[in-house]
Amino acid sequence: MGEREAFEHILASLHEAALDDTHWSTASALIDEALRVHGNSMAVVDLQSGKDILFFFLGIFSHGHRHHEFEREYFDVYYPLDERVPRVRQFPDSQLVHVSELYTEKELKTSVVYNDYLNRLEARNCINVRLDGPDGSSIAWIVHDPVDGSGWSSARLDSIRCLLPHIRQYVSFRQALSGAGALGASLMELLDTTGSGIIQLDRRGRIVEVNDRARDLLRAGDGLFDERGFLFARTPEENDHLQGLLARALPPFGAQGVGGSIMVRRASALPLVLHVNPVDWQSADFSVWPVAALMLVVDSAGRTRIDPALAGAVLGLTEMESQVAMMLAEGMSVGNIAVATDRKESTIRWHVRNMFAKLGLSRQTDLVRLLLPLAGVPESQERRRNQP
């Protein structure tokens, strides 16, 4: 398999993983094979908080196998000792950093994380990179040691750089699905999702189907509209960006589409954020095979808010925990929550830890799954349901 073909296989697998997280292990294995490395690890975190980092996701993979035991061990033993944590904050977006640059000469000899944990991960010669993620988050991606011991050639590093925008897009699309309450939904089930607008496109870019939220946004025509079944943005400049995004996602047959995101301004409200993800029609249900790309239209101004009092009553949270939970589910960072509630970031992190422990959770997406069914439910309705 040539380099170009291998790269397109990775992209196709990332598109599948964006719709179904279980496919990430396959994409990770293809990345290991293409880069000829022992594995790769990904964390989606909030780096805007104080000393501690809030983890939304941590996955450690080697040739397609996820190492849950290494993940648990990191949190239980090594995270408090990890000298890299405060230094990762200083990474410019997309800059590749060799692991040795994260330690002093003395620490390279004495660090338990470097000499024990990373050694067992086969990552003492790894490459680290930080990417700006959605909603103020950061994506920390680590590419483990080369399997042949030949080091990091310029060609190998260039291959990593080529993958970075697609890794970022994978996380962004997953986050958008999470915010829409659509994680794990099939292509047909997505049309029942009202948290965001869902637009299904065929290979020519023609609209196949939309959900009610997308139909309302298109009818309003403020920023985004359809004409004879095709999508257009209102201003010429933004329409050029939109058509370029669709052209990359829907190339001629034989080429692999590329996902992406843009923002479309509106006159009457906050901008719309458009996330486009190609769909592999060969793996789709036969009933929806014409669907070649999926667009999520995120309207932050139109999101249905969750009543904190209702969340507290249903989940057994304190008033402050409920408020923090609602804000996290809406995609706010710890820093933004601290500003909005006039609290210290350390106080917000303390509430997050207590809340996650109380609910038995470890990831923000799990919290979203719990809270989204409560969106738009009047508190009085819930109380009546719970009354004898």
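**Note on the aromatic contacts**

1. Let me start with a charge over a ring: R234 lies over the face of F225, at 4.2 Å from the ring centre. The term asks for NZ of Lys or CZ of Arg within 6 Å of the ring centre and within 35 degrees of the ring normal. R156 does likewise over the face of W152, at 5.9 Å from the ring centre.

2. A word on the basis: this is a predicted model, where local features need pLDDT of at least 70, side-chain atom pairs count only at pLDDT 80 or more, and totals for chains, interfaces and linings use all residues. Residues are numbered from 1 along each chain as its sequence is written, and side-chain values use heavy atoms, with hydrogens and water left out.

3. Searching the whole structure turns up 9 aromatic pairs (Phe, Tyr or the six-membered ring of Trp, centres within 6.5 Å; planes under 30 degrees apart are stacked, over 60 edge-to-face, the rest tilted). F70 and Y117 are edge-to-face, because their ring centres are 6.1 Å apart and their planes stand at 80°. With F70 in helix α3 (residues 68-78) and Y117 in helix α6 (residues 112-120), this pair ties together parts 47 residues apart in sequence (helices are DSSP runs of H or I, at least four residues, numbered from the N terminus).

4. Both partners are buried: F70 has a relative accessible area of 12%, and Y117 has 2% (buried is under 20%, exposed over 50%, partly exposed in between; 1.4 Å probe, protein chains only).

5. Y74 and F75 also pair edge-to-face, with centres 6.0 Å apart and planes at 65°. Y74 is buried at 8%, whereas F75 is partly exposed at 36%. Ring pairs join F70, Y74, F75, Y78, Y79 and Y117 into a cluster.

Note on methods. Helix = DSSP H or I, 4+ residues; strand = E, 2+ residues; numbered from the N terminus.
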